[in-house]
Amino acid sequence: MKFNGIEPEELGGGVILFKNAFTVDWGSTRDLFEEFVASERESMYTEGINPETGEPCYINRSGYIFRKDGVDMMPRRAANTHQDKRPEVIELLNFLESARDNCLLGYMTIHPLAYKNIWWKVKGHIVSYSTQKGGLFLGTHSDSSVDYLYGIDHPKEQLPTKNTLSVVMYVNDCVGIDQVGEDAFSGGEHVFDYLGITYSDVPFKLYCLTRSETSYWRNSLQLPWLVFTWVTKP
Amino acid sequence: MNEKNPLQPRHLGGGTVLFENAITVPQGDLISYLEQEKEKWRQENFTIVYDDNGEPLHTINKGGFIYGLDAYKRSPVRIQNLTHPFFKECDDRVYEALLEYIEMFPAILQCLWWKSGGHVLCYDEGASLGFHSDNDVNYRYGAIPQLDHATRNVVSALVYFNSCTDDGSQCEYGFSGGHMSIPYFDIDIVPHTGSIVLMPANYLGAHEIHEITKGSRYSYLLWFAQGTPAPEHGVNPIVSDGEYHSGGQWWLETLIDDYEDYIYRKYPNGVPEKLTLFKSRAKDHI
């Protein structure tokens, strides 16, 4: 694991890219990430049969039934990583958190006033998109929205409304479809629709800080990545 | 009744959108009203202290802070409790501009829960406002402000009531200086009567108002915000009765319906999918 330095590149609209910001060992990182996302998916859903339709489905821990293809299309996430006490996990996550904090300082050299909106942070979680294992894309969204509609019950979870800055750390590379191997994927562009930014030219490990990302992923073969978020006061 | 021009949004960058000539301002009547309110505000908020010979020494504000005789007039004046009928029209027009803003950035729709009622900000000669963002409450670790409702602000809106005449143009209520700059995106807005600006309330819309070098500058400000009520933090929106109220916080109870009406009227042959109501997180479920 190595932090390579900070060279911020302004993509527009507050989105800053730090190319080649860090290096991690892909093999061991992939194994850990796969273990985490698989374990979390397994703990969330049990495979079953929908009694009304007779079709295969997933049943979550509260007993709700979900369509199998709907769940399989969702990105796999792992948010429980920070409870793992294995030294190699702690070392990796501490390294990533530290790399992120370094880049945050770089971000503030471009947008200094951001520091006044940053009060606390949420530790990162893993998100995986894989054509074989589930998670093909994520639709356009804002990281600070809780899909509020006047008249409905106020969402119980309003943490996203406090988000100031989003961070994405990519741990493997986007390549042309004919070059896809165990350590790379094709598709998975990160699109900021309103800013006219489509990011896919990932030469190696990179690091990106954003305010309020919108993303659209397609045709991803295998893409584990991390999201870290800074937020304001509750 | 105000004569309405079609709104013509222009994205200046970073989410800041300018609508030029968006509203016709009844300047003579309005500015005379605001001049009176401004003087009333100064009288209520500043006391002039005189020496033994009856010569004015300095002023003291309500908080006990001492200002020089010139300095107190260089502070921007916030005029609240607005009663002039034009402000209802102003709010309505900003709301129409907001619908167009949402069309440009549809994902923002469900981040707009309520609005803070408007007020007027007046800068006299020598006044300016330093670099700041509209959702900042001067937080420092260990010193959490009690009233932090400004952290909920999502979109800032402003309307210019008079024009900067630095370009050599002539108008009765013109002023010099007073540009608004948004440095992170190299934006410099020269105020023109009847223009509306909508911009992010966070650091991406951080801005400053340059010194007014001649005359007085008048603008109207309000914010659109999100988050559940928390009266202890100063967040306590209520349902509107349909009348104009200066100040306060008001639920945007018809915003979703109004946006959908607007967008379906604009695209009668089919609304592009990306402009329709976002339920992004709900896509995770069936």
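Reader: How many aromatic pairs does the structure hold over all chains?

Author: This is a predicted model, and over all of its chains there are 21 aromatic pairs.

Reader: By what is a pair of aromatic rings described?

Author: A pair of aromatic rings is described by the distance of the centres and the angle of the planes. In this structure, the rings of Tyr45(A) and Tyr58(A) have centres 5.6 Å apart and planes at 50°, so this pair is classed as tilted, because stacking would need planes under 30 degrees apart and the edge-to-face class would need an angle over 60.

Reader: Where in chain A do Tyr45(A) and Tyr58(A) lie, and are they buried or exposed?

Author: Tyr45(A) belongs to strand S5 (residues 45-49) of chain A and Tyr58(A) to strand S6 (residues 56-60) of chain A, so that, at 13 residues apart, the pair links distant parts of the chain. Tyr45(A) is buried, and Tyr58(A) is buried as well.

Reader: Which geometry do Phe87(B) and Tyr244(B) adopt as an aromatic pair, and which parts of chain B does the pair link?

Author: Phe87(B) and Tyr244(B) are stacked, with 6.3 Å from centre to centre and 25° between the planes. Phe87(B) sits in helix H2 (residues 86-104) of chain B, whereas Tyr244(B) sits in the loop between strand S16 (217-225) and strand S17 (249-251) of chain B, 157 residues apart, and the pair thus joins distant parts of the chain.

Reader: Turning to the interface, how many residues does the contact take from chain A and from chain B, and what area do the two chains bury between them?

Author: The contact draws on 39 residues from chain A and 47 residues from chain B, and about 3,900 Å² is buried between the two chains, 60% of it on carbon and sulfur atoms. On the side of chain A, the residues that lose the most area to chain B are Trp119(A), Tyr150(A) and Tyr194(A), which together account for 18% of what that side buries.

Reader: Which side chains meet in a salt bridge, and how many residue pairs are in polar contact across the interface?

Author: Across the interface of chain A and chain B there is 1 salt bridge; the side chains of Asp136(B) and Lys116(A) meet in a salt bridge at 2.9 Å, N to O. The interface also has 10 residue pairs in polar contact, both residues at pLDDT 80 or more. Strand S7 (65-67), helix H3 (87-110) and strand S10 (163-170) of chain A each supply at least two residues of the side that touches chain B, and the residues of that side divide into 18 nonpolar, 13 polar and 8 charged.

Conventions:
Residues numbered from 1 in each chain as written. Chains lettered and ligands numbered in written order. Predicted model: local features only at pLDDT ≥ 70, side-chain atom pairs only at ≥ 80, totals over all residues. Heavy atoms only, no water. Phe/Tyr/Trp six-rings, centres within 6.5 Å; stacked < 30°, edge-to-face > 60°. Helix = DSSP H or I, 4+ residues; strand = E, 2+ residues; numbered from the N terminus. Buried < 20%, exposed > 50% of the residue type's maximum accessible area, 1.4 Å probe, protein only. Contact = heavy atoms within 4.5 Å. Buried area = accessible area lost by both parts, 1.4 Å probe. Salt bridge = Lys/Arg side-chain N within 4 Å of Asp/Glu carboxyl O. Polar contact = N/O pair within 3.5 Å; in protein donor to acceptor, adjacent residues only side chain to side chain. Nonpolar A, V, L, I, M, F, W, Y, C, P; charged D, E, K, R; others polar.
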